[in-house]
Amino acid sequence: MDKKTKEKVSNVGKHILIYAVMFFTIAPLLWMLLASFQPNQSIINANKGLFDFVPTVENFVSVITEYDFLDYTWNSFVVAAAATVFSLIIGVPCAYVVARYKMRKASVVVLLVRMIPGISFLLPWFSIFSKLGLRDSYTALILSHMLVALPYIVWTMIPNFENLPRELEEAAWIDGSTQIGAFFRVTLRLATPGMVTAALLAFIFSWNNFMFSLILAGSKTQTLPVAIFNFVSYAYVDWGGLMAAAVMITLPIMILSMCLQKYIVSGLTAGAVKG
Amino acid sequence: MKKWLDKHIKIVFALPTLIFLMVMVIAPLLYNFGMSFTNWTMSAKKAPDFIALANYIEVFKEPRFAAAVGRTVVYSFIAIALEGILGVALAILINRKFRGRRIVQALMLLPVVATPVALGMAWKLILEPSIGVANVMLTGMGFAARKFIATTSFESMLCLILIDVWEWTPLVMLMVYAGLVTIPQDPYESALIDGASRWQTLTKITLPLASSSILIAVLMRLIDLVKNFDIIYATTQGGPNFATENINIYGYLNMFSYYEFGKASAISVLFFIVVMAIGCGFLYIKSKVEVDY
Amino acid sequence: MKKFVSMMLCLVMVLSLAACGAKEEPAPSAPAASAPAASAPAAEQPYAGTTIRVILAGHDWTTAVKDRLGEFTEQTGIEIEFESYPEDQLSTKLNVELASGGQYIDVFMCRPLQEVQQFIQNGYLADVSDLMADAEFQGDDFITAAADSYKQSGANDGIYYGVPLVTERQVLYYRKDLLEAKGIAVPTNLDEFKAAAAALHDPANGVVGFVGRGLANAAVTQFSAYMYGFGGDFFDFTTGTATINSPEAVEAFQYYGDLLRESGPDGALNMHWQQAAAIYSTGGAAFCTDADAIWQSFCGPETDVADVAGFAVSPHNSTWSVCSWGLGVSEGSENKEAAKEFVKWAASVDMTKYIQGKGISTARNSAWADPACTANYPAELLAAIQKGNEIATKSYDRPLTTSVSAARDVIGSVITTAIEGGDVQAAADKANAEFQAILDADAAAAAG
């Protein structure tokens, strides 16, 4: 085998591998998608054959019309977006100094927060927030979700800043810029792909958070993961509605990650040119 | 002003985060610590009695707690090994150029993105031995039907581990990938000139340079694995016969099912100490492995 | 490119900030706007303008009531802030809020046999005896055992801590077509039942003989009816002695385990009613025993087995008739009187009849006696329910103690062992000791 065929074979192998992994990853989700177009009785019996059903959009219609799905979506969006943005604002600079000055103690504190099991927070938070008059408010939800988002942002940004070449930043200092100025003008730009990744993850974790929302949200601020339980009740599980709701919850995030993917990749090429 | 900012950049940049975290965490932590020495049953009319270390002694005596600790260790160990290796391999794979890369990347992220609540319910239905699609497929391909999560044997735990691996490996992949992206190109160029093999490039350049992000991805996952809750809660709730009960589920049941708030607080204090030890150990490793360039 | 990203981030931020402001604004002005809408004289509406927060369980009863909440507001001028959650989530939510004082909840749904004893002991529930004594409300119309499940067990103080809403009994679901094909009569005792289930067990053709709950904690309530049939019980009320390793109880564990292992589906161990209903409703089982309240999930009009659905009284001839859900008023509530108004309306005779008319089994005798209210039940089911009410010897389907959940976990472990074919006696002995410890602790807590 000459070098060229060898390369071709490895290329084909690579593709097969990637698509196989991808298939296993999305197969259960495809099943969910399939289920969201099925009537209840065919979802709960796989023996009938996977495709033996008359497709229906009724599940989606009932999700949108019978349940106030759009309100919940809005609530989820507000909370996740605000938690992500505020976490970025305070978390990214923190990650920067932790990376630059090797502030190990600060990083440990951030890490410790992630380690505490969430259920320990529920009771004290509820009493504190309701005493402050923040029960069923966006503020309480955003603050609690920031506890999920912030450590993720700090910890994904630390290696990003560590890996960034210092030279560009130092060159800016020599050009007379302050360190803070250089951070905003040079470093942040270089770190954009990492920031997009971190923000995306933070947004997702906030969007999906269940426990904090269950306890702190009320009728006005209920978010999607809590609302999805409306399809489960004593005596009846609306599997079709549940799956349709799951598809609709996942959709915005999927679109978002598709869009942002572009920036992660573009960041890669930009880095290559400069590096 | 600007000079002052530059001089104190460490404090100015780090303080908001640290203050926020402290404020949000210290009160609950102290509250739990205090409650762990009482016998409070979440009563609104009866004040908690101080019972010193009785909760801790009770927890240590309980075989169910010891078993939960063991399962937490086993679960985390197997899952982190699988997720770490698979995640790094996938990140390297996905970092190469190939057709449809963007779509593959976005699709791979789906399990991380999808709502855990719905995922749990879907998995429960898929793995249901009599009517679930998993067994229909297995028998269709000529394999024997399995019981999956409906058994007290290790199989149920293994199923949960595999669901975990399925759901979270893409996250490890993405975090490592984000690290790979920031690796400068010049070491590769010089390696190319030196005629290094692919394997050498991987072990001598890519892995060491990505070590920091790999370690962080693994660390983040490890913490989440040790305090894993969502998947178990949504599928088996620790059953059958506590075969999949970990520390966090046990603590949850004590708090919200058994009304043993004092005992549950003691469990979470112990748990916190254990996870803290794991975290510090890991940070120590990180400081040893880290590469500067 | 990067400018675009930062612009987008800014946009998101501004949007979310704007959202915070916009959404919170209408809240304070809402009550003011709605107050004039209530036009009746103020004397009839002493609580007009009050807002109460009502937290209900995801249940058919809730669905039926939800549509008519507007009427209540119109009649009383009381605004309702409404939330509903499935039982496990409801329980967590209630625990957190009630343990921190319960001042933000006014009315909530709770399960008399599961959590109410703990709630009473913890001081979460307000005394509603005055409501039960109200002539207009007709508290004496409730099924006595159901109403009594809202009293503190062993206290004998006559105080009601809530009002019952829905009741259920265990019934036997069976497939008429399958029984007919094999010429098998509807079993009337446990031996016949076991034989019939074995005869109809045909997994190769996708039909098992029997399906029922096998998930330890969840199975306890269905298993209990079998145990009563064998003459066993959880514990002796007078002495507080655990009896789940008595010969009768062990026989029942063995029977239920054998039944599920020999004639049941593969995944019995992780089976709650949802999975059992999925199997039965798609034609995968010949028999099932479960609560009558969830019959629509097992063989309602939308299922595959609606046309061949048979109902009978459970074959062990000793079922339970229990109150599964009721309404309570939060002791910490600042609007207790308005909250009681809501309970009075939601559990009134008229409302109960309306709900019973939708095929939901309620807790009022008058609703059961009114033929118009039971017209929506399949005739056989109604007969099975009425027979069940007659022969029911117990008004509890789980141990009637304070730490119900812990006790269920302990007892459920014996069921798991039985289904897996392990040593039932040994498991029952071990569980009995653990259960006794729970009972003792509960007794000590009640005394102290």
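This is a predicted model: local features need pLDDT of at least 70, side-chain atom pairs count only at pLDDT 80 or more; totals for chains, interfaces and linings use all residues.
Visitor: Fine. Which residues in helix 7 of chain B are buried?
Guide: The buried ones are Val117(B), Ala118(B), Leu119(B), Met121(B), Ala122(B), Trp123(B), Lys124(B), Leu125(B), Ile126(B) and Leu127(B).

Visitor: What does that say about the helix as a whole?
Guide: Helix 7 of chain B is largely enclosed by the rest of the structure, because 10 of its 12 residues are buried.

Visitor: And its length? What should it span, at 1.5 Å a residue?
Guide: Helix 7 covers residues 116-127 of chain B, so its 12 residues should span 16 Å. The end C-alpha atoms are 16 Å apart, which agrees.

Visitor: Zoom out. How many helices and strands are in chain B?
Guide: Chain B has 14 helices and 0 strands. In its 293 residues, the buried share is 51%.

Visitor: What box do its C-alpha atoms fill?
Guide: Roughly 75 × 70 × 30 Å for chain B, taken along the principal axes.

Visitor: How about contacts inside chain B? What share comes from residues 24 or more positions apart?
Guide: Such pairs make up 69% of the chain B contacts with a separation of 6 or more.

Visitor: New topic: chains A and B. How many residues does each put into the contact?
Guide: Chain B puts in 76 residues and chain A 84 residues. On the chain B side, helix 2, residues 9-35, gives the most, with 16 residues. By class, that side of chain B has 56 nonpolar, 14 polar and 6 charged residues.

Visitor: How do helix 5 of chain A and helix 2 of chain B pack?
Guide: They pack at an angle of about 35°, and their axes are 10 Å apart. The crossing is left-handed.

Visitor: Which residues meet there?
Guide: Helix 5 of chain A brings Ala106(A), Val109(A), Val110(A) and Val113(A). Helix 2 of chain B answers with Ala14(B), Thr17(B), Leu18(B), Leu21(B) and Val25(B). That helix contact divides into 8 nonpolar, 1 polar and no charged residues.

Visitor: Now chain C. How many residues are in its contact with chain B?
Guide: Chain C gives 33 residues and chain B 23 residues. Helices 5, 6, 13 and 19 of chain C each supply at least two residues of the chain C side.

Visitor: What classes are on that side of chain C?
Guide: It has 11 nonpolar, 19 polar and 3 charged residues.

Note on methods. Residues are numbered from 1 along each chain as its sequence is written. Chains are lettered from A and ligands numbered from 1 in the order in which they are written. Helices (H or I, at least four residues) and strands (E, at least two) are DSSP runs, numbered from the N terminus. The expected span of a helix is 1.5 Å times one less than its number of residues. A residue is buried if 20 or more other C-beta atoms lie within 10 Å of its own, exposed if 12 or fewer, and partly exposed in between; C-beta atoms are placed from the backbone. Two residues are in contact if their C-beta atoms, placed from the backbone, lie within 7 Å. Ala, Val, Leu, Ile, Met, Phe, Trp, Tyr, Cys and Pro count as nonpolar, Asp, Glu, Lys and Arg as charged, and the others, Gly among them, as polar. Axes are lines fitted to C-alpha atoms, for helices over the stretch in contact, and angles run from 0 to 180 degrees between N-to-C directions. A crossing is left-handed if the near helix is turned anticlockwise from the far one by less than a right angle, and right-handed if clockwise.
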